[in-house]
Amino acid sequence: MNKRNSSKGTRAEDGTYDSANAFHNLSGFEIKEVYVPEDIEQTEPERDLGRPGEHPFTRGIHKSMYRQRPWTIRQLGSLHSPSEANERIRHLLNMGATGISLCLDMPTIMGRDSDDPLAEGEVGSCGGVAIDSIEDMRSLMEDISLDTTSINFVSNAQSSVILAMFVAVAEERGVPLEKLTGTMQNDILKEYQAQKSYYFPPRPSMRLTIDTITFCNAHLHRFNPISISGYHLASAGAMPIQELAFTLANGFTYVEEAIKAGLPVDHFAPRLSFFFKVHNDFFENIAKFRAARRIWARTMRDRFHARDPRSCRFRVHTQTSGSSLTAHQADNNIIRVTIQALSAVLGGTQSLHTNAYDEALSIPTPRSEKLALRTQQIIQHESGVTHTVDPLGGSYYVEALTNQMEAECTSYFEQIENLGGVIPAIEKGYYARTINDAAFQYQRDVEERKRTVVGLNAFYETEETDIDLREPDPQFETEKISALKRLKESRDPALVKGCLDHIRDACRGTENIMPILIKAVKHHVTLGEIIGAMRDIFGEYREDFIF
Amino acid sequence: MMKKRKKRILIAKPGLDGHDRGAKIVARALRNAGMEVIYAGLHQTPLQIVRAAIDEDVDAVGVSILSGAHNTVFPKIMALLEEADAADILVFGGGTIPRKDIEALKSLGVGDIFTTGTDTAEIIRYLNKTLER
Amino acid sequence: MTKLFEKGAVEQITRKKKQWQEEQYQPSKQDNDPYESLSGIPIEPLYTPADIATMDYSNDLGFPGQAPYVRGVHPTMYRGRTWTLRQLAGFGPPEETNKRYQFLLKEGATGINGVFDYPTLRGFDSTHPFARADAGRGGVAIDTVEDMRILFDGIPIDQISTSLVTCQPICNITIQSMYFANAERRDIPLARLTGTSQNDFLMETAITVSPEVLPPAVSFKLSCDAIEYCTRHAPHWNPVSFAGYNYREAGCSAPRKLPLSSPMPLRVPRN
């Protein structure tokens with residue numbers, strides 16, 4: 001196992017380094033001064049690289065990649081009320097975004113309705129949209145053409161409910177389900193490992209996940225029911241190599257569970273998708289994508305016996321690193337985002353979100369939002385990097401680094417196997433410890449100036465920047481609560497109770513819960529009520545916190 | 001001579017947000033600096049935080065808020081401590097908190113607030129200095 | 001001879017690429033194929049070892065700091081020392097530009113990049129009726145060695161390198177002289193100075209339209225004089241910088257840029 005080394009020696013502000021000190025990347029790999037053919041002697045181009053669109057997909061999952069079609073520009077767009085969010089979405093689409101990502105507010109993320117006492121002061125928080133009922137989903141999707149817009153729901157533990165509402169609205173509008181495109185993040189494993197917005201213990205959560213995958217598999221053929229995420233692991237502190245290994249291990253776990261639930265691998269695997277971060281180290285990012293593609297392809301074919309080449313394709317959405325951005329000298333973030341975005345493109349991402357430069361200070365303003373979008377458009381249309389596939393293939397450094405990341409992954413996989421698998425590893429605190437250690441080491445490196453952050457620990461200025469919090473309009477919270485009250489009063493209580501009882505029964509049993517949820521949301525049962533009913537049966541997960 | 005007691009600090013994350021990287025790093029840094037640190041964990045209500053602070057007999061409570069709910073949460077914590085006759089417990093914090101709000105919180109008796117980019121050494125110095133008195 | 005790939009491998013890859021191109025790539029090709037670089041060089045959909053099959057590592061790539069220097073002119077490159085952060089600056093009177101130099105150095109720039117106004121570049125004093133309106137615009141106005149003193153006041157020219165964007169030999173000979181004279185006044189030996197003068201005779205004549213200040217042959221001699229002087233007295237000073245950038249900005253494509261800027265370097269040493 002690669003011990004994480006902090007980069008020794010600091011680069012002085014005039015650019016000079018202490019000589020003869022080792023260089024390490026973010027994953028702790030020592031970087032050689034120069035890479036030569038010998039470093040990739042063992043690489044067999046046919047076996048290890050192949051061609052784009054062919055196993056092992058190292059060079060790209062499609063034959064012609066961006067020459068044929070550019071990656072999807074998929075910017076996050078949410079604002080606390082469904083109607084405001086709807087406006088922002090239509091605005092982004094008009095400005096050239098080709099897909100939409102939607103975030104939820106804190107209460108919705110935690111499975112609570114806007115009128116829940118725990119939601120007080122947080123309705124519409126963090127730029128997320130408050131979704132209590134199908135009413136909100138209707139407002140959110142107003143005037144948006146569901147069969148031509150690709151929508152990514154940043155929804156996890158509550159995915160089954162959000163999906164139910166989305167499907168219900170599509171049905172109401174007469175849109176055939178097989179035309180719906182988009183993604184539900186729906187990755188509960190990473191919640192336990194990093195983001196912590198879980199409700200129930202791992203096993204019932206996994207059941208819900210498989211239910212959504214099965215349902216989409218049967219009815220929403222073009223919809224990706226899961227986006228297996230590394231981004232959050234990296235944000236919590238995981239090094240790129242860990243992000244890679246843990247994401248893949250989670251992916252394999254979902255595949256195992258889906259197969260156990262009786263789904264033939266080639267039926268669901270083509271719709272599995274991933275979500276990566278691109279952090280500061282340019283080439284490490286690129287190598288990560290390539291290694292991911294190769295490992296996924298080989299494992300799906302060799303371990304899970306996938307026959308359909310599409311089951312072996314590692315399709316990924318990428319976001320530039322929020323945690324690399326600074327509140328000080330926020331303009332510098334424009335450059336960070338540009339470089340990170342470029343690495344994602346050279347790595348072969350299928351869709352990309354670029355952060356706005358004021359991320360550390362506020363929810364993006366229209367101006368900063370636009371600039372982030374333009375960043376991608378300039379790369380796409382002006383830089384020429386899209387004109388050939390996998391341009392860095394063959395670079396000794398990139399190939400050597402790709403090989404190295406693949407090899408390191410194997411040792412992480414063994415560690416997790418030895419603990420009994422991903423879920424036992426979660427329960428044993430493996431991820432908490434590993435990620436905490438990496439996060440703490442990173443902070444130490446910054447504080448000891450072993451890692452330079454321009455504007456923070458080098459080239460520092462005292463300046464009067466301030467955080468500009470977009471406050472959820474308190475009026476909005478009041479209005480939302482009133483609207484919710486009206487909705488609840490307009491319902492038939494017996495019908496609501498019936499739905500909730502039915503949900504509880506489904507939780508006790510093994511039937512797919514999706515049709516039951518869809519029926520319930522059509523009867524205006526709220527998200528909080530549904531999650532509450534599930535909680536009655538599944539219980540609540542309590543974590544032993546390690547720091 | 002009475003042996004100097006180690007400083008006892010409670011670190012907590014109130015509300016619904018689960019992003020605890022910063023809180024954990026601070027907790028660990030304080031522990032490495034020789035303080036006794038209790039990490040209250042996620043999804044704490046102000047009441048739970050105050051109860052834990054009193055039960056654990058801490059010298060200070062560090063509250064991490066990234067969600068913007070600080071103007072609701074901090075005053076509640078201060079009020080509950082006052083009610084429980086425990087206003088001598090220092091309350092400090094961190095997260096995404098605008099400067100203008102920090103001033104307002106300080107006038108309520110909240111200690112220093114350490115926003116993003118702060119060096120953990122600064123927090124340690126602050127606690128050492130403030131808790132000496 | 002250090003061939004990179006096994007012959008058999010290259011043949012196989014070539015065959016398989018052709019197959020891939022016919023069976024997979026062609027069917028999904030779009031109308032925006034073929035692609036070309038800005039220089040009109042066709043860009044293949046995919047590059048494989050076959051595209052560089054005949055390369056010889058030692059002769060064609062080698063190692064940084066050794067001929068043919070393809071991989072870098074220094075052995076350690078940016079691991080040893082990063083490139084110089086050399087931002088162009090120059091406007092108004094020397095006092096203004098001096099302030100900007102100081103600001104840039106304080107913010108982390110590691111070299112000076114001095115831009116001069118049109119009167120200075122074309123050999124006019126700021127007070128000349130023809131040049132007056134352009135004085136201080138687009139560059140700093142330097143008329144005398146006193147101006148040069150002010151321009152570099154407080155700047156450690158014995159420690160950092162200075163690039164003087166003195167395109168024309170006529171401008172170069174005057175500005176260079178003032179720079180050196182100023183250094184001597186500051187008791188800095190010329191042998192300690194590091195930096196560059198553009199002094200690119202051909203580029204100036206080919207690209208930038210300049211009034212006929214001097215006949216080309218005389219201009220060329222001035223250029224060579226400067227080179228000769230530096231070679232003898234300021235060995236760490238680069239007396240000429242063959243500028244491809246300006247050809248490009250004027251519209252020339254990159255491959256054309258290279259041959260155009262190359263004859264000049266070959267000609268000058270002969271003189």
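How do the residues of the lining of the largest cavity divide into nonpolar, polar and charged? They comprise eight nonpolar, three polar and five charged residues, where Ala, Val, Leu, Ile, Met, Phe, Trp, Tyr, Cys and Pro count as nonpolar, Asp, Glu, Lys and Arg as charged, and the others, Gly among them, as polar. This is a predicted model, in which local features need pLDDT of at least 70 and side-chain atom pairs count only at pLDDT 80 or more, while totals for chains, interfaces and linings use all residues. Residues are numbered from 1 along each chain as its sequence is written, chains are lettered from A and ligands numbered from 1 in the order in which they are written, and side-chain values use heavy atoms, with hydrogens and water left out.

**Interface of chain B and chain A**

- Chain B contributes 39 residues to the contact and chain A 36 residues (contact: heavy atoms within 4.5 Å).
- About 3100 Å² is buried between the two chains, 57% of it from carbon and sulfur atoms (accessible area, 1.4 Å probe, that two parts lose on being put together, summed over both).
- On the side of chain B, the greatest losses of area to chain A fall to B:Leu16, B:Arg21 and B:Arg28, which together give 25% of what that side buries.
- Two salt bridges are counted between chain B and chain A (a side-chain nitrogen of Lys or Arg within 4 Å of a carboxyl oxygen of Asp or Glu).
- A:Asp437 and B:Arg28 form a salt bridge through their side chains, at 2.9 Å from N to O.
- Helix 1 (21-32) of chain B is among the elements that supply at least two residues to the side touching chain A, and helix 1 gives the most, with eight residues (helices: DSSP runs of H or I, at least four residues; strands: E, at least two; numbered from the N terminus).
- The side of chain B that touches chain A has eleven nonpolar, 17 polar and eleven charged residues.

**Largest cavity**

- The largest cavity holds about 160 Å³ of space (on a 1 Å grid over the protein atoms alone, a set of points where a 1.4 Å probe fits but cannot get out; lining residues have an atom within 4 Å of a point; grid points are joined across faces, edges and corners, and the volume is the space filled by probe spheres set on the points).
- Its lining has 16 residues, and A:Ala234, A:Gly237, A:Ala238, A:His279 and A:Tyr442 lie nearest the centre.

**Backbone features**

- A:His55 and A:Pro56 are joined by a cis peptide bond, with omega about -5 degrees.

Terms used:
On a 1 Å grid over the protein atoms alone, a cavity is a set of points where a 1.4 Å probe fits but cannot get out, and a pocket is an open set with protein on both sides within 12 Å along at least five of seven lines; lining residues have an atom within 4 Å of a point.
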